[in-house]
Amino acid sequence: MLKLDLARRLRSTRVRAGLSLGAVLGLAVTGTFAFWTSSATITGQALTSGSISLLAGATAATAGPTFSTTTLGASTMVPGDSVAQVLVLKNGGNVPLKWTAQGGLVNAGDAAAFNTQAALRLTITDGAPTGTAPNVTCTAGTTAYVSDVAMTNVVTTAVIPTRQAAIAGGGNKTLCISIKLSSTADQTTLSGGKTATSAFTFIGTSDIS
């Protein structure tokens with residue numbers, strides 16, 4: 001009887017051990033699952049470059065890439081005389097641009113003498129010409145970009161170095177440029193038909209920061 005009970009206990013122990021092992025192995029088995037997926041497609045639009053084109057002229061209608069004027073000239077200037085010119089800057093492109101300006105006296109003729117004497121004085125505003133020859137000046141307007149500054153005999157001198165308010169695509173900006181012979185211009189050095197010619201370059205940029 002004792003042997004029978006011992007045999008039963010051993011068999012029961014082996015069964016329990018087997019079941020326990022099966023439970024442990026069962027935890028290590030994973031199934032294979034089918035995951036659902038979905039996607040979206042994005043199609044962009046065309047990316048087209050814009051353009052800027054800084055033009056200049058006496059009017060917006062006549063503005064072009066170059067502009068030659070006789071209004072900023074005089075043949076018999078004496079100290080205190082001045083000339084003035086309306087200048088329209090036009091953006092012929094389709095995106096905004098900011099602008100700067102450089103200019104001076106063409107280094108020929110008697111430009112060096114005028115430069116030494118600081119005799120030709122430049123004013124640029126967004127006003128309008130006023131007065132009559134030989135004393136035509138620019139009104140103050142809302143902005144004086146340059147005010148009574150001596151012109152050098154270097155045409156690349158930065159006269160308006162800071163980028164100015166943007167001109168929209170197709171838009172324009174009207175300026176007034178005045179050049180005056182200083183009231184202190186030296187007679188010995190500058191009288192008797194001395195000549196200097198002004199030149200300006202206005203530069204547009206798409207950097208409107």
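1. Setting aside neighbours within four places in sequence, Phe202 is in contact with Leu54, Leu87, Leu89, Trp99, Thr100, Ala101, Leu175 and Ile177. This is a predicted model, and the points below should be read with that in mind. Phe202 counts as buried because its relative accessible area is 16%, which lies under the 20% limit used for that term.

2. The surroundings of Phe202 lead on to the nonpolar core. The largest such core has 28 residues, and Phe202 is listed among those with the most contacts inside it, together with Leu89, Trp99, Leu122, Ile124, Ile160 and Leu175. The elements that contribute two or more residues to this core are the strands E2 (82-91), E3 (97-105), E4 (120-125), E7 (144-150), E8 (158-167) and E9 (172-181), along with helix H2 (111-117).

3. The aromatic residues deserve a separate remark. The count of aromatic pairs comes to 2. In one of them, the ring centres of Trp99 and Phe202 are 6.0 Å apart and the ring planes meet at 45°, so this pair is classed as tilted. Trp99 is buried, with a relative accessible area of 1%. Ring pairs also bring in Tyr145, so that Trp99, Tyr145 and Phe202 are linked into a cluster.

4. The antiparallel pairing of E3 with E10 extends over 8 bridges.

5. Thr100 gives a residue-level view of that sheet. Thr100 is found in strand E3, and its bridge partner in E10 is Ile203. If residues up to four places away in sequence are not counted, Thr100 touches Ile160, Pro161, Thr162, Arg163, Thr201, Phe202 and Ile203. Thr100 counts as buried because its relative accessibility is 16%.

6. E2 is largely enclosed by the rest of the structure, because 8 of its 10 residues are buried. Strand E1 (residues 54-57) pairs with E2 in the antiparallel sense over 4 bridges, and within that pairing Leu54 stands opposite Asn91. E2 pairs with E9 as well, again in the antiparallel sense, over 9 bridges; here Val83 stands opposite Ile179 of E9. Leu54, for its part, is one of the contacts of Phe202 noted at the outset.

7. The last point concerns the cysteines. A search of the whole structure finds 1 disulfide, formed by Cys138 and Cys176, whose sulfur atoms are 2.0 Å apart. Cys138 lies in strand E6 (residues 137-138) and Cys176 in strand E9, so the pair ties together parts that are 38 residues apart in sequence. The torsion about the S-S bond of Cys138 and Cys176 is about -80°, and the disulfide is therefore left-handed. Both Cys138 and Cys176 are buried.

Key:
Residues are numbered from 1 along each chain as its sequence is written. This is a predicted model: local features need pLDDT of at least 70, side-chain atom pairs count only at pLDDT 80 or more; totals for chains, interfaces and linings use all residues. Side-chain values use heavy atoms; hydrogens and water are left out. A nonpolar core is a set of buried Ala, Val, Leu, Ile, Met, Phe, Trp, Tyr and Cys residues joined through side-chain atoms within 4.5 Å. Buried means under 20% relative accessible area, exposed over 50%, partly exposed in between (1.4 Å probe, protein chains only). Contact means heavy atoms within 4.5 Å. A disulfide is a pair of cysteine sulfur atoms within 2.5 Å. Two strands pair if DSSP finds at least two bridges between them. Rings of Phe, Tyr and Trp (its six-membered ring) pair if their centres lie within 6.5 Å; planes under 30 degrees apart count as stacked, over 60 as edge-to-face and the rest as tilted.
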